[in-house]
Amino acid sequence: QPMHDARGRVSVVFNGEIYNFRELRRELEGLGCRFRTSSDTEVLLHGWSAWGERLLQRLRGMFAFAIWDADSERLLLARDPFGEKPLFLQQRDGRLLFASEIKALLAAPEVPVAIDRRAVWSYLLYRYVPGPDTLFAGIRKLPPGSYGIWADGRLAVTRYFRPYDLGARPEVPLPVDPVGSFLRQLETAVELRMVSDVPYGAFLSGGIDSSAVVALMSRHSPHPVVTFSVGFAERQYSELDRARAIAREFHTEHHELPIHAEDLMAELPGLVAYRD
């Protein structure tokens, strides 16, 4: 990356995974698009050329990406529906900087390093900073489920997704088998997220949700699922025994990491730095 189209007029930088990229690729090939790679990144290039902003309604995945269209001199910035992938912005003097980490923006000499004092109050109240603010003055987040178009020195942000459960919908009938319907949707979601060109695994706490995910992964993996569990040295607080039982049940390749108080204090500066 950046990846360019055959004419060198459309370019993309991309962080994330598009789970339904194979279906989208087949549709784009039917429209005459020719692919040079097997990656989901190239689907974004051709999808933008074919559908413009409507591409975002077709994507299933977690993503933050930027597409530069030299023909229209427009920059598209987009973030996945629930904000799994971050995208930070800094605008000043008709310039736009963007990055998936704040520390990348702070590396630019023209970006001032200053704390947003209002955001500090939010952090102390909520234990996080609600978007679009960050703890740094002048740096903000692109909201989840939104895209921005940068053109002529201005950024216009549009919301393309709203959660379906914002309110009760009594007019929508329940499925005949609600439990079965839920499990089928969950299984489809898990199977989609196993589409990857890199190794993957699962965090396993031994609780209901992570155990259900591992169980469903084991149905669709030709190899033992790789699982990871983190536990505390104090046995009364640790869930390693439960996680180990689930790992045995589904014959996973299981890895355990016990954490001590000394480990936390030793790693705390690094943890703070990664949190930006």
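In which strand is E17 found? In this predicted model, E17 is found in strand β2, and its relative accessibility is 17%, which lies under the 20% cut-off, so E17 counts as buried. Leaving aside neighbours within four places in sequence, the contacts of E17 are D40, R60, G61, M62, V195 and S196. One of these residues, M62, is 45 residues away from E17 in sequence, yet the two C-alpha atoms are 5.6 Å apart in space.

Strand β2 also gives two or more residues to the largest nonpolar core, a set of 28 residues in which L44, L59 and F65 have the most contacts. The other elements that contribute two or more residues are α1, α2, α3, β3, β4 and β8, and the largest share, five residues, comes from α2. In soluble globular proteins, nonpolar side chains tend to be buried together. For F65, the contacts beyond four places in sequence are V12, V13, F14, L44, L56, L59, L76, L77, A78 and L87, a list that includes L44 and L59.

A separate part of the description concerns a β-α-β unit, which is right-handed and is made by β11, helix α8 and β12. Strands β11 and β12 pair in the parallel sense over seven bridges, and S229 has E256 in β12 as its bridge partner. The elements of this unit are set out below.

| Element | Type | Residues |
|---|---|---|
| β11 | strand | residues 226-232 |
| α8 | helix | residues 240-249 |
| β12 | strand | residues 253-259 |

Terms used: Residues numbered from 1 in each chain as written. Predicted model: local features only at pLDDT ≥ 70, side-chain atom pairs only at ≥ 80, totals over all residues. Heavy atoms only, no water. Pairing = 2+ DSSP bridges. Helix = DSSP H or I, 4+ residues; strand = E, 2+ residues; numbered from the N terminus. Right-handed = clockwise from strand over helix to strand, strands pointing away. Core = buried A, V, L, I, M, F, W, Y, C linked by side-chain atoms within 4.5 Å. Buried < 20%, exposed > 50% of the residue type's maximum accessible area, 1.4 Å probe, protein only. Contact = heavy atoms within 4.5 Å.
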